[in-house]
Amino acid sequence: MQIKLTLKLLILFSIIPVVSFSQGPPINTNTAFVVGLEGTAIRTFGKVVSKASLYQNGEKITNDLDQQVTVFALPIMVPYEVIPNKLVVIGVIPFLNKEMNMTKEGTRQSRGDSGWGDLKLLAKYQFFQKDTRSSTLRMTFLGGIKLPTGKYNASDAEGPLPRPLQLGSGSFDILGGPIITYVRNRLGINAEVSFRKNTEADNYRFGDILSTNFVLGYRILPKVYETYPSPYATAFLELLSQFRGRDRENGVELEDTGGKVVLLSPGIQFVLSRTFLVEASLQVPIFQDLNGTQLGIDFSSTFGIRWLIF
Amino acid sequence: MKTNNIGLRISALIILATLFISPFLFAGEPAGKDDLKPRVTVQVDGLTCPFCAYGLEKRIQEIPAVEQSIINLKKGTAELIPKEGQHIDIDKVKAAVIAGGFTPREIQVAVAGQFIEWNGIPALSIISTSREDKKVKTIYVLKDNSQLKRLKASVKSSGQKVFITGIASEAPPLGHTDHHPYIVDIESFHIL
């Protein structure tokens, strides 16, 4: 019974890739720009997601087994500019460490795996651009495919790891959606909608995911940016929403999967030179409506760099 | 009292006359060294985010004749300094700005050349050296304005070397070819 509950709880893992792979000058959201650091800079960041609060039908309940799920993700993103200021292709592969801890019969137990996850091949195409002397409005479509390169049949002494604990999903999935960016002087606004259609692999299908992100960015230093390149700092406030359908196993919908999560994410970014920046953000849930009984996100945090080497 | 009024009027007249005459006095005068530095300054629309400016800088630096570039986000401009003896092609500047992700607008050129008659119209002929060490001739048609009239009056003969600063705009293509000269609306000039 306990193991069955644990398996159900772990299914929430599948929400993590959506958070982990977001990218762009706003820290967790994509930007419509396909130039500059967005066109050629290798990017990586460390992301920690911690889940220790148990929810049942949207209400927080006692976590008797003291279950805790921690995911560390280190995606590496390599963009390549195919058509200048129009089309960029991006390869993304994460290094993952997934771990679940729980106390059973007075003993703390741990299950999990670490290694390379699923490879994503994305294309970003800018279809609208309107520039004025002090502003720019750009629209881009970002879409691609996720390939089953990560291991999805790992097991330990207790048997095969639950699918959400596996490094890969085993499936070919497609994702895409529009991004709008508006920048005027020190203020930047980004909005992104993304839909991910998951397919079945090995009798398991993760629920489809709709993500909507909205970001405000404001250059806090310097007040007046004169000659390029000069160091500068930007503060971000991101609103990250995810709506996830239920998973299916052997054609049966799993009750304790899917739901709605809204995260508020303050962050800061320092651009230190023309080719290097560091950034950090914290994501805290402001709304969680999870189906059935699941572990919810307590917090997640990101610390990363972007390094332009081409 | 009356004397004071006359004095005031004379002073006012002198100040007004000075203000009126001074642009004419100084326009054709020898300029400082920096004023005679060849350059192309392009107004870049959309240049609002420093993290995007890298692409622009990279594209500009790929233009063979460019020695140095200065990108000013506050002004929204990119200033290009040519290599010694070379001339920066305006078409290449425009292409670089577009490829860099932005929209080129007004382009100001500051360049030395010979004042000539070209197909019966006043023009500036610039002889420069290409990357392959070949001589290249560029023609700028000069727009009819008050500065051109003054320039015409100032030059002693066709072929006189002058330094002009002005806004360059594309002229219609010549004949059935894609080749088009640029028309320069002279803002100031110096006889060399």
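Residues are numbered from 1 along each chain as its sequence is written, and chains are lettered from A in the order in which they are written. As this is a predicted model, local features need pLDDT of at least 70 and side-chain atom pairs count only at pLDDT 80 or more, while totals for chains, interfaces and linings use all residues.

**View 1. Chain B from end to end.** Chain B holds 4 helices and 8 strands; helices (H or I, at least four residues) and strands (E, at least two) are DSSP runs, numbered from the N terminus. Follow them from the N terminus and you will read α-β-α-β-β-α-β-β-β-α-β-β. The average pLDDT of chain B is 84, and 79% of its residues score at least 70; pLDDT is the predictor's confidence in each residue, from 0 to 100. Look out for residues 18-30 of chain B, where the pLDDT is below 50.

**View 2. Where chain A touches chain B.** Here 28 residues from chain A meet 23 residues from chain B; two residues are in contact if their C-beta atoms, placed from the backbone, lie within 7 Å. Among the elements giving two or more residues to the chain A side are helix 3 (37-40) and strand 7 (135-147) of chain A. For the complex, the predictor gives an ipTM of 0.81 and a pTM of 0.84.

View 3. Strand 14 of chain A and strand 2 (residues 66-72) of chain B run antiparallel, joined by 2 bridges; strands pair if DSSP finds at least two bridges between them. Find A:Y228, and opposite it you will see B:I71 in strand 2 of chain B.

**View 4. The largest nonpolar core.** This core has 58 residues, and B:V40, B:A53, B:L56, B:V93 and B:V184 have the most contacts inside it. A nonpolar core is a set of buried Ala, Val, Leu, Ile, Met, Phe, Trp, Tyr and Cys residues joined through C-beta atoms within 7 Å, and a residue is buried if 20 or more other C-beta atoms lie within 10 Å of its own. Helix 3 (residues 90-99) of chain B gives the most to this core, with 5 residues. Which residues does B:V40 contact, leaving aside its neighbours within four places in sequence? They are B:L80, B:I88, B:I90, B:V93, B:I107 and B:V109. In soluble globular proteins, nonpolar side chains tend to be buried together.

Definitions and conventions:
A residue is buried if 20 or more other C-beta atoms lie within 10 Å of its own, exposed if 12 or fewer, and partly exposed in between; C-beta atoms are placed from the backbone.
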